[in-house]
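Open the model in your viewer and keep the selection panel at hand.

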Amino acid sequence: MSTVDDLRGLILAGRYASGDRLGEVELAETLGVSRTPVRDALRQLQAEGLVEITANRGAKVMEYPRADLETIFELRAGIEGLAARRAATTATEQDAERLREVAVTLGEHARRHDLDAVYRLNAEFHQTLVRLGGSAVLAQSISSLVHSPVLLRTYSAFDEEAMRRSVDHHVEIAAAVRAGDPDWAEAVMRAHLFSARASLLGPRERR
């Protein structure tokens, strides 16, 4: 693995929490490399949105306020729920079969704990639903809400039960699309995203 992969893994595993400073010297010692690859890795992770680098202050893990994350998931549940609803009314049998194949393959990689493949297949699944929804407005709205660091952190926060539930949701959404049932597809998509929110953020405050 490369230095950027090692550092990304440490951040996503929670070794460095949101807002933690990332000193080049300390990281070089931890990773067993010189400061040059560490500096390059920090720049790459800044481009990915995991790290923030400020002049004269150095690097730190990017912070996403809980309220912002709550809002992201609430908006995604509404918009992607609509995308799933529309997909259930427009998808051909071939489209539905492709969704099922992606969901099944995602599950196989999840059982092997291959998060890179899970992340890639999850993106394909959701993008396919948006495409089937046939709306440029939907696509643009979802694109503005899907932050790669947030998704990576979400998957890294999954325990076995949460991952199994996520896999089952994908399979069920594909089944709802095949059945041409927009209510079912939308309901499962909303549950899918709210389940992911709980895995990342924990219990919600009682009101």
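Select strand 2 and strand 3: they form a hairpin with three residues between them. In the turn, Asn56 has a positive phi of about 70°. This is a predicted model: local features need pLDDT of at least 70, side-chain atom pairs count only at pLDDT 80 or more, and totals for chains, interfaces and linings use all residues. Residues are numbered from 1 along each chain as its sequence is written, and side-chain values use heavy atoms, leaving out hydrogens and water.

Helices (H or I, at least four residues) and strands (E, at least two) are DSSP runs, numbered from the N terminus. Pick Thr54: Gly58 in strand 3 stands opposite.

Arg21 stands opposite Lys60. Next, show helix 3 (residues 35–48), which packs on the sheet and touches strand 1, strand 2 and strand 3.

Now move to the largest nonpolar core, with 34 residues. Such a core joins buried (under 20% relative accessible area, 1.4 Å probe, protein chains only) Ala, Val, Leu, Ile, Met, Phe, Trp, Tyr and Cys residues through side-chain atoms within 4.5 Å. Select Leu99, Phe125, Leu129 and Ile173, those with the most contacts inside the core. Helix 5 (93–111) and helix 6 (115–133) are among the elements giving two or more residues.

Last stop: a second, separate core of 18 residues, including Val4, Leu10, Leu22 and Ala41.

Terms used:
Buried < 20%, exposed > 50% of the residue type's maximum accessible area, 1.4 Å probe, protein only. Pairing = 2+ DSSP bridges. Contact = heavy atoms within 4.5 Å. Axes fitted to C-alpha atoms, helices over the stretch in contact; angles between N-to-C directions.
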